[in-house]
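These are my notebook entries on one protein model. I set out to look up its overall make-up first and then a few local features.

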Amino acid sequence: MITRSFSGGSGAEPTVGIEIPKIEVRFQTLSIEGDGYVGTRALPSLLYSTLNVIEGVIGMIGLSPSKKRVVKILQDVSGIIRPSRMTLLLGPPASGKTTFLKALSGETDDDLRITGKMTYRGHEFHEFVPQRTCAYISEHDLHHGEMTVRETLDFSGRCLGVGTRYDLLVELSRREKEAGIKPDPEIDAFMKATAMAGQETSLITNCVLKILGLDICADIMVGDEMRRGISGGQKKHVTTGEMLVGPAKAFFMDEISTGLDSSTTFQIVKFMKQMVHIMDITMDGKIVHQGPRENVLELFEHMGFRCSERKGIADFLQESFNYFHIGQQMMEHLGVPFDKYRVHPAALVKEKYAVGRTPVVANTLGTFTLQIVFVLGGFVVARGDIKSWMIWGYYASPMMYGQNAIAINEFLDERWNNVIGVPLLKERGLFSEEHWYWICIGALFAFSLLFNVLFIAVLMFFNMPGDTKSLLLVDNPDDNGRRRLASNNDGIDMAVRNAQGGSSSAIGAANEGSRRGMVLPFLPLSLAFNHVNYYVDMPAEMKSQGVEENRLQLLCDVSGAFRPGILTALVGVSGAGKTTLMDVLAGRKTGGYIEGSISISGYPKNQATFARVCGYCEQNDIHSPYVTVYESLLYSAWLLLASDINDSTRKSYDLVELNPLRHTVVGLLGVDGLSTEQRKRLTISVELVANPSIIFMDEPPSGLDARAAAIVMRAVRNTVDTGRTVLCTIHQPSIDIFEAFDELLLMKRGGQVIYAGHLGRQSHKLVEYFERVTKIKEGYNPATWMLEVSSPAVEAHLDIDFAEVYANSALYGRNQNLIKELSTPAPGSKDLYFPT
């Protein structure tokens, strides 16, 4: 239906000569730079902030040069992004990918200096409104947690509008009428439904929900750090869907595959490819090379870079190359100016509407303002007690007018009579004349109108407060050595040790440096769980759709065991229940119903003592934004370590290669401070300083490129090698990351286990298990292959249930024996006990 509608299944659009508007984006010699302080001068301390302000004022009058250092983000970037094409943008951290995408979408920060030329169909940015012509999709999933998925997309659709759909439909109907063409009724109804603005819910929302796989959670709250909601992968879908429901004709998508498995990512990209080809949309993804995709490996081999076997092409490109390359043909096309007079009038949006801002720092002055309003509103402090020089605050407070209107309406009523009501009003400093009631009502309406006008004006013309200046790091020779070690042609050196004690790669000198930080003794512990089920109350939205059950099952008969010194990967598609299982095992579920047994080194789990030896790294990196990395870790050590540990030991911990950033302020996500991969490493470090015996990590490599993920996983590997028990959930790992694990627990949607056991050298045990269904292609990533062969589509095609196959296998029997062994206390052992 969608394809027929947009492509003109009835043949009406081509017949009447209507062309869908297209966007071609060109950028020539684009350079972007900013200013940043070096080292600790970027810290927002009282001393440095004062010095920065003074130096800034002196620099403005030319008495002293600026102490800031110029940061070159992009240098002489040129290229063309054509309609009906998808462009992939690759690059390592700090290569300017996000800045480049924001520049093309017209959303760059005001403190950045941009040179060069960017045009849409020959028009520069001042000739139209780029924010409404294109859409930048952020890598950060920032949503209102109390809204459902459907409400979020509907609200986004109403805010973004329908663009030129209505005008095109009117023109189409007029030409069809003149030509005597009768459109197909279904297609005509669809196009009219999608062209109507201001609808509470739209057909476009339903289509996007279905295509992105969000229909199964459409009526569930999105959730946030404090509210239970949809999974992290589903939140990424919602972030993408918020822009797809709008009328944008060019999409600049930043890290849309973060936290998604290959199957889900492929579904999204496949949909976008269809949309690009059908609608002639321009789409740019995350430019080391611009040209035909089929020739990229040939080009890199010609330059001396060869892709190793079983390595993903995208991982290879990021690891081995970080320079922009443009062919002569591209430069020739850029030399021919675009004829802007041939542009479709509906291609570029020139009307500016109010657009919402992300409420990351919306409460910066909110608390202080509310205190003033409350104190001077006449309730906390009566009017007669307010000093004359502050009485203006009394008349400027909306609360004063509301309180007086309510009090006058009540105490001037006949049942109180003037003997009681009027003295009461006067005693509290309230007005006692009836006409003040109408004055207060009018003032409240005036305040409402004023605040709404100011709100719209601020959203339209002002950006969020926040300092985005950079922190420049002083080069460290040791850090450069590690970087050279990690940049060889064969990929990144990962410490891989299988359960039999073999090692496929040695732990290098860099790993020894990480191991030095772990100086505190701990007790190695195992964790075994058997026949675990988890239920929640059936959401009211699903009951309203005819579901009769009272409980919704999220985990179904899950069993497994995790041992010290063995790194286990918990893998599954989005919505398989990976995070739910970890939350149940870690005791983080405060609601729902849990069945089954969980034991720690043979003893039943006691949450009060287990919490003292357990660490949990969440998928969402939640940190205090106003402290430095070093302060975050030191504060965590003071809170989590025992009181008898001395100060020097508290400060001698591993920073997971964050030493160069120890004095960097954490900052607000998406505004300033640490990048995504740096926040992820800080999240792990905060838990490691507590010296736990068992660590749960929810997607530690999520959102990281190959090198950054390798740094994180190298730290995780070092943690396991000290004898700790570590469980990590991962979505779609590269071959290097996947084979750093010793064992695998694979789940499918519905919370069922379909594989639990050793990976073996080069994942041969996993491959042998699933090759009973289909053979793996030579050189193929086994992590990608196992998700593909165990997908619901393959199950339906083969008429097989992999959960049932696993439950009847010999592997399941061996795992049950292991669980029974680990659920029995060892001779001479004692249960966990802490005196406090």
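**Entry 1: the whole chain.** I began with burial and found that buried residues make up 47% of the 836 residues in the protein. The model I consulted is a predicted one. I then looked up the surface: the protein exposes about 42,400 Å², and carbon and sulfur atoms supply 56% of that area. For secondary structure I noted 34 helices and 20 strands.

**Entry 2: an open sheet.** I recalled that strands of a sheet pair through backbone hydrogen bonds, either parallel or antiparallel. In which order do the four strands of the open sheet lie? I read the order as β12-β11-β14-β15, with antiparallel pairing. The edges are taken by β12 (551–562) and β15 (603–604). Each of these two has a single partner strand, so one side of each is left without a neighbour in the sheet.

Strand β11 (residues 527–537) and strand β14 (residues 593–600) run antiparallel and are joined by seven bridges. As one example of a contact, I noted that Y534 has I594 in β14 as its bridge partner.

**Entry 3: a covered strand.** Are the faces of strand β5 (residues 134–137) buried or exposed? I found both faces covered. On one side C134 and Y136 are buried, and on the other A135 and I137 are buried. For C134 I looked up the value itself: its relative accessibility is 3%, and the residue counts as buried because the cut-off is under 20%.

I also recorded the partner of this strand. β5 pairs with strand β6 (residues 250–253) in the parallel sense, over four bridges. The bridge partner of C134 in β6 is A250.

**Entry 4: cysteines.** I reminded myself that a disulfide is a covalent bond between the sulfur atoms of two cysteines.

**Entry 5: two helices.** Two packed helices are described by the angle between their axes and the distance between the axes. I applied this description to helix α25 (residues 629–640) and helix α27 (residues 676–688), whose axes come within 8 Å and cross at roughly 25 degrees. Angles under 35 degrees count as roughly parallel, and α25 and α27 are therefore roughly parallel to each other. I noted finally that α25 passes α27 in a right-handed crossing.

Definitions and conventions: Residues are numbered from 1 along each chain as its sequence is written. This is a predicted model: local features need pLDDT of at least 70, side-chain atom pairs count only at pLDDT 80 or more; totals for chains, interfaces and linings use all residues. Side-chain values use heavy atoms; hydrogens and water are left out. Buried means under 20% relative accessible area, exposed over 50%, partly exposed in between (1.4 Å probe, protein chains only). Accessible areas come from the Shrake-Rupley method with a 1.4 Å probe; for residues, only the protein chains shown count as cover. Two strands pair if DSSP finds at least two bridges between them. Axes are lines fitted to C-alpha atoms, for helices over the stretch in contact, and angles run from 0 to 180 degrees between N-to-C directions. Angles under 35 degrees count as roughly parallel, over 145 as roughly antiparallel, 65 to 115 as roughly perpendicular and the rest as oblique. A crossing is left-handed if the near helix is turned anticlockwise from the far one by less than a right angle, and right-handed if clockwise.
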